[in-house]
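Visitor: I have a model open and some labels to check. Could you take me through them one by one?

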Amino acid sequence: MGKIVIAIDGFSGCGKSSTAKEVAKKLGYTYIDSGAMYRAATLHFLNNHTVLSNPKEVSKALDSLKISFHFNPEQQTQETYLNELNVEDEIRTMRVSEYVSEVSKLKEVRLALVAQQQKLGKSKGVVMDGRDIGTVVFPEAELKVFMTADLSIRAARRQKEILEKGDLIDLEKIKHNLVERDRIDSTRTESPLLKAEDAIEIDTSLLEFDDQVEQIVSLAQEKL
Ligand code: C5P
């Protein structure tokens with residue numbers, strides 16, 4: 001059976017990653033979390049005190065940036081590595097969340113990460129989630145989904161996710177971060193967050209997790 005590329009884009013905290021991961025599992029596809037790559041780049045810039053307005057510093061930081069994914073058999077999940085170090089937890093902290101959209105605005109950063117994403121998806125059989133996957137990374141993707149959900153539902157889901165990792169963050173702080181990221185991501189000049197014309201919109205506010213996964217899996221099966 002032929003394999004396709006599934007692009008899942010949408011606002012922050014809509015459950016794109018967990019949905020994409022499960023869809024990939026059901027189809028036997030590779031899941032690629034493009035947001036994790038922008039988060040890892042952000043952590044690298046923070047660690048190096050890179051001044052974003054200084055192109056030389058940005059280019060130097062990019063030269064020493066190596067992002068990879070490795071499967072953790074115990075957790076049965078894929079984890080993000082920055083220069084051979086496991087940063088899966090660190091990239092999900094508020095410190096990174098509050099800075100990631102500023103880093104993601106930079107053209108040089110996007111060029112480098114999009115090139116790596118396109119390589120990862122070259123042989124198809126991938127589900128990739130992000131903000132510009134259906135518009136820029138894989139404009140030819142066979143299936144494009146654009147996910148949305150109410151802000152308060154998104155914030156509550158994100159709070160629960162962070163709590164499961166042991167941190168309690170104020171709901172208002174999370175809401176503010178989601179709104180800010182959506183604003184910066186949607187209004188930037190380079191590859192703004194946009195629904196591709198041929199994307200199918202799914203509002204997950206009232207959907208059970210399994211139903212949203214099932215919807216996307218059925219859409220994918222129609223394309224196979
Ligand atoms: O998907 P996640 O919420 O982890 O993404 C974190 C941030 O990375 C987004 O708010 C956005 O600034 C950036 N991003 C992006 N393009 C992508 C994926 C993520 O600009 N394809």
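Visitor: What do the buried residues of α8 pack against?
Guide: They pack against α9. Packing rests on contact: two residues are in contact if their C-beta atoms, placed from the backbone, lie within 7 Å. Helices are DSSP runs of H or I with at least four residues, strands are runs of E with at least two, and both are numbered from the N terminus.

Visitor: What kind of model is this?
Guide: This is a predicted model; local features need pLDDT of at least 70, side-chain atom pairs count only at pLDDT 80 or more, and totals for chains, interfaces and linings use all residues. Residues are numbered from 1 along each chain as its sequence is written.

Visitor: Which residues of α8 are buried?
Guide: Arg154, Ala155 and Arg158. Down the axis of α8 they fall within an arc of 95°, so they line one face of the helix. The arc is that of the directions from the helix axis to the C-beta atoms. The face turned away from the buried side carries exposed residues: Ser152, Lys160, Leu163 and Glu164.

Visitor: What about the span of α6?
Guide: Helix α6 (residues 107–120) also agrees with expectation. Its 14 residues should span 20 Å, and its end C-alpha atoms are 20 Å apart.

Visitor: Which residues of α6 are buried, and what puts them on the same side?
Guide: Val109, Arg110, Leu113, Val114 and Gln117 are buried. They cover an arc of only 115° around the axis, which puts them on the same side of α6. Leu111, Ala115 and Lys119 are exposed on the other side. The buried residues pack against several elements, including β2 (30–33), α2 (34–47) and α7 (133–137).

Visitor: Why is Cys14 called buried?
Guide: Count the neighbours. A residue is buried if 20 or more other C-beta atoms lie within 10 Å of its own, exposed if 12 or fewer, and partly exposed in between; C-beta atoms are placed from the backbone. Cys14 has 27 other C-beta atoms within 10 Å, so Cys14 is buried. Cys14 sits in the loop between β1 (5–10) and α1 (16–27). Leaving aside neighbours within four places in sequence, its contacts are Met147, Thr148, Ala149, Arg154 and Thr204.

Visitor: And why does Gly15 count as buried?
Guide: Gly15 has 23 C-beta neighbours inside 10 Å, so it counts as buried. Gly15 lies in the loop between β1 and α1. Not counting residues up to four places away in sequence, Gly15 touches Met147, Ala149, Arg157 and Thr204.

Visitor: Which annotation covers Cys14 and Gly15?
Guide: The UniProt annotation "binding site", from an unreviewed entry, covers both, along with others including Gly10 and Lys16. UniProt positions are given in the numbering used here, feature names are shortened, and annotations may be inferred rather than shown by experiment.

Visitor: Is Glu84 buried or exposed?
Guide: Exposed, because Glu84 has 8 other C-beta atoms within 10 Å.

Visitor: What about phi of Lys124?
Guide: Phi of Lys124 is positive too, near 60°, in a residue other than glycine. Lys124 is in the loop between α6 and β6. With 15 C-beta neighbours inside 10 Å, Lys124 counts as partly exposed.

Visitor: Which residues come nearest the ligand?
Guide: Of the 14 residues around the ligand, Gly35, Tyr38, Ser104, Gly130 and Arg131 come nearest. A residue is near a molecule or strand if its C-beta atom, placed from the backbone, lies within 6 Å of it.

Visitor: Which element gives the largest share of that shell?
Guide: α2, with four residues.

Notes
The expected span of a helix is 1.5 Å times one less than its number of residues.
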